[in-house]
Structure formats: structure tokens, C-alpha cells
Amino acid sequence: MAFELPKLTYAYDALEPHIDARTMEIHHGKHHNGYTTNLNNAISGSDLDGQSIESILESLDMSNAAVRNNGGGFYNHRLFWNIMSPNGGGGEPSGALSEALNNAFGSFEKFKDAFAKAAATRFGSGWAWLCVNSGGSVEVCSTANQDNPLMPNVGCKGFPILGIDVWEHAYYLNYQNRRPDYIQAFFNVVDWSMVSELYEENK
Ligand code: MN3
């Protein structure tokens with residue numbers, strides 16, 4: 001039962017001007033496709049074959065570089081496409097997620113500052129996350145490379161409900177070295193209704 005590259009629910013050019021079509025095409029069609037293929041090759045015939053990706057990441061042997069890098073890459077990008085939208089992207093969350101952000105950070109603007117800082121200061125390649133803990137509190141953190149908060153001992157706890165890819169392949173064609181500009185643009189395409197759904201499902 002192999003993992004499949006998820007189809008996008010929007011066109012490659014749908015997130016422009018914030019994320020350009022060429023970047024989306026390469027990112028989804030080449031990078032994410034590569035992680036998916038390499039994950040399948042890494043687990044084929046092993047006892048990980050047939051497990052859910054969440055289960056694989058949560059009980060991961062971190063010395064298994066092939067599954068760590070490609071399993072993380074498969075999961076992280078699937079979430080990334082899912083929490084962006086050309087329709088209804090941007091704006092602010094409402095309801096329980098909004099309350100949780102206010103409780104943790106003081107305001108939505110302060111949350112954005114904390115998330116942007118985590119993303120901007122991740123040295124080299126990696127991701128910044130908003131995670132929900134059981135009980136409903138939220139926190140911001142970041143991980144290196146394709147690590148993910150579900151993995152053991154990555155210095156990042158909880159269930160990821162929002163993530164931004166800060167590998168150069170995610171922004172370099174359009175933003176070159178201006179990672180902070182890409183991070184600010186990302187907020188214009190975040191689908192807060194989807195992030196709220198993930199919050200409710202995993203709190
Ligand atoms: Mn990527």
C-alpha cells in the first residue's frame with residue numbers, strides 16, 4: 001500500500017502573486033513527488049509498510065535517515081498544500097483557534113511575529129510550525145530539514161496544524177534571498193478555516 005503524491009485542490013498558479021506557479025510546479029511535481037517515491041522505496045518490504053504516515057513518524061527510529069527525510073518530506077508538504085488556499089486565504093482565524101492564539105501570544109499580530117521569527121531564524125533548511133497540544137494550547141517552534149513535531153525528540157511538541165517550508169526551493173525563484181518577504185506573503189494564502197479544522201480535530 002504505497003503512499004501517493006496528493007493532488008492539489010488548486011492550480012499551480014492559483015497562489016500568485018504570493019507563491020509563483022513555477023515554484024509550485026517544481027515544488028509539488030518534483031520535490032514532493034521525490035519524497036513520496038523515496039519514502040515508498042525506503043519502507044517497501046519493511047514492517048513500516050502499511051502503517052499510517054503519522055504512526056511511522058511518531059515511532060520513528062531517528063537514525064533511519066531515509067524514512068526520516070522522506071517520510072517527513074511526504075507529510076510536511078501534504079500539510080503545507082492543505083493549509084493554503086487561493087479562496088478565503090489570508091485574513092484571521094476565528095473561534096476557539098483565535099482564542100488559543102490570543103492566550104498563547106496576546107494577539108493574532110503577536111502570533112504572526114512569533115511564527116515569522118521562527119521561520120526567518122531557522123538556519124539553513126527546515127520548517128516553522130504552529131502546534132496544538134492536548135487540552136488546546138498552541139505553540140510555535142521550528143525544526144531542521146524535513147523533521148516534524150510528530151517525530152521524537154525534535155525539540156518541538158504537539159500536533160502540527162500550520163507549517164511553512166523555508167527550504168530555498170520553496171521561495172528562491174521569486175524571492176531569492178528575501179526569506180522574510182516570502183514569509184509575510186505566506187500569510188496571504190493561509191486557509192484559516194482548514195487550520196481551525198485541524199485544531200479542533202487534534203486538540
Ligand atoms: Mn519543500
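Reader: How much area do domain 1 and domain 2 bury between them?

Author: This is a predicted model, in which local features need pLDDT of at least 70, side-chain atom pairs count only at pLDDT 80 or more, and totals for chains, interfaces and linings use all residues. Residues are numbered from 1 along each chain as its sequence is written, and side-chain values use heavy atoms, without hydrogens and water. An automatic or database assignment gives domain 1 (21–82) and domain 2 (95–202). Taking buried area as the accessible area (1.4 Å probe) lost by two parts on being put together, summed over both, the two domains bury about 1,900 Å².

Reader: Which three residues supply 28% of the area that domain 1 buries against domain 2?

Author: In this interface, 21 residues of domain 1 are in contact with 25 residues of domain 2, contact being heavy atoms within 4.5 Å. The 28% share, more than any other three residues supply, comes from Asn76, Leu79 and Phe80.

Reader: Which residues does Phe186 touch?

Author: Phe186 is among the residues that touch the most other members of the largest nonpolar core, which has 63 residues. Such a core is a set of buried (under 20% relative accessible area, 1.4 Å probe, protein chains only) Ala, Val, Leu, Ile, Met, Phe, Trp, Tyr and Cys residues joined through side-chain atoms within 4.5 Å. Leaving aside residues up to four places away in sequence, Phe186 touches Phe80, Ile83, Met84, Phe115, Leu162, Gly163 and Ile164.

Reader: What is the bridge partner of Ala128 in β3?

Author: Strands are DSSP runs (E, at least two residues), numbered from the N terminus. Six bridges join β1 (residues 126–132) to the antiparallel β3. In β3, Ala128 has as its partner Ile164.

Terms used: Two strands pair if DSSP finds at least two bridges between them. Helices (H or I, at least four residues) and strands (E, at least two) are DSSP runs, numbered from the N terminus. Buried means under 20% relative accessible area, exposed over 50%, partly exposed in between (1.4 Å probe, protein chains only).
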